[in-house]
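Work through these exercises with the sequence and the 3D view side by side. Try each task before reading its solution.

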Amino acid sequence: MTVTDERPAEAPDRRLLSPGPLVPPADPGPVDRARGWVVTAFVTALAAITRFAMLHYPTDAKTPVFDEKHYVPQGWQVLTGGWIEDNPGYGLVVHPPVGKQLIAVGEALFGYNGWGWRFSSAVAGTILVLLVVRVVRRMTRSTLLGGLAGVLLVVDGVTFVSSRMGMLDIFQAVFVVGAFGCLIVDRDEVRARMARVVAEGRIAVSDWGPRLGIRWWRFGAGVLLGLAVGTKWSGAYFIAFFGLMSVAFDLAARRSYGVRRPWVGTALRDIGPALYALVLIPLGVYLSTYWAWFASETGVDRHAVGTKIGTDGPFSFVPDSLRSLWYYSANVLEFHSGLTNSAGNHHPWESKPWTWPMGLRPMLYYFADGDRIRGCGEDECVKAVMLIGTPTLWWVSLAMVAWGLWQIVVRRDWRWAAVLTGYGAALLPWFATLDRQMYYFYAVPLAPFLVMGVTLVLGDVLGSARASRERRSTGLLVVCLYVGLVVANFVWLWPILTGVPITVDHWHDQLWLPSWR
């Protein structure tokens, strides 16, 4: 006789019958690390070669060109005047100090010349390519797509020219993309922590889900966003957009891993830390960028309290230095607010934000012609540097955005949501102040997110790794043809991106649209 178990049979575990996991597994990213860094190094080297070649050229009789004339002398003032800029010719310094301090580093290394005042910009432009390679590689889990994104950014005219000018926008783009990358890594780490909690059977301990602990990558994003605002105030737009994106990442993670009340959990356990990391930390970093101004006796409006404003009042408890900085910042805001078309301020090369996605109104930085220009093989030559987006890249922007929105709505693709968040932060806020004077170089932070979006489209064209060999081969052919076309377009534009002498006819051939003239 055998002994049998008389207990009733238990229902089978649903997790064993499910064709796939009930919760998404933790995905730390691509595993081909060595190859990933080789590709990153190669593409970054291409960026360095293009950014540093003839970096000192052209100049305006050995002086800065275009708006370099504002920031390069201020960088020199920073270097020689105790790391502050007093701007005696204008009486007001209209941008925070970080970008000018970075320009000053190059001037300290190479002197007051083209190499000196453009060196830091070229370094920033090179780092920007490296960041885009790594960010896209992590988002797509593909070293190939990361490398393609880097190549597209290398041959983007907007970031290329901005990397070779002593201006501020390329620095802001680096800080913004760096912060974006930190939040992408933070998203992966959060999901890895949630997966660990599920594996340990602790996900149901609280209806709100687990506390996520210290998140250093998000903290790093806050530091970089503070530096972005410390370069130009428009960095504040990214604080708002990226803060919402980070909280949305947390909500999605709590929902995906089976938290019973994910919305409440996000409200109670994620929003507070997000405000600390992505609002308070950037504010603290922004204030710290004025360290030299706080330490000075001659900074603009440094001692406004007691001279230009009273020492009493409802805010008398605030330290005088902070009140003086507030007064100084209000003057800067008034200056910017007054630069409007309705007030009679016009510039022949200004543009509005609806022209930026396709680069319909570029920016002429430098132009020289006449008998003194030689080197084109004819009697009359032209030298020009124009900030212009490589058309084969920028002219697909509207299609890219439309495809991305479809992917978000239909497929719930978080990668597109992240990229279009960055793209929107760089573009949409400018529509609120259309009367203000604006220029195409405001779109420099837009370029990396355009490249990321185009690369995601190329990933869809390439096809899934599980697709047939014929499908993948056809997709690869289309991708290679497109990337080759963008590279060829960049090579064609090279003379008007670098100031190489060309004939008058060649100059007119470069100007494809009436709005480029």
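## Exercise 1: a covered helix

H18 is mostly covered: 14 of its 17 residues are buried. Buried means under 20% relative accessible area, exposed over 50%, and partly exposed in between (1.4 Å probe, protein chains only). Helices are DSSP runs of H or I, at least four residues, numbered from the N terminus. The model is predicted: local features need pLDDT of at least 70, side-chain atom pairs pLDDT 80 or more, while totals for chains, interfaces and linings use all residues. Residues are numbered from 1 along each chain as its sequence is written, and side-chain values use heavy atoms, without hydrogens and water.

Task: check the span of helix H18 (residues 446-462).

Solution.
1. The expected span is 1.5 Å times one less than the number of residues.
2. For the 17 residues of H18, that gives 24 Å.
3. The end C-alpha atoms are 24 Å apart, which agrees.
4. Now step just past H18: Gly 463 takes a positive phi of about 95 degrees.

## Exercise 2: a residue in H20

Task: decide whether Gln 510 is buried or exposed, then list what Gln 510 touches.

Solution.
1. Find Gln 510 in helix H20 (residues 504-510).
2. Its relative accessible area is 0%, so Gln 510 is buried.
3. Leave out residues up to four places away in sequence; Gln 510 then touches Trp 492, Leu 493, Pro 495, Ile 496 and Trp 516. Contact means heavy atoms within 4.5 Å.

## Exercise 3: Val 105

Task: classify Val 105 by its accessibility.

Solution.
1. Locate Val 105 in helix H4.
2. Its relative accessibility is 38%, so Val 105 counts as partly exposed.

Definitions and conventions: Helices (H or I, at least four residues) and strands (E, at least two) are DSSP runs, numbered from the N terminus.
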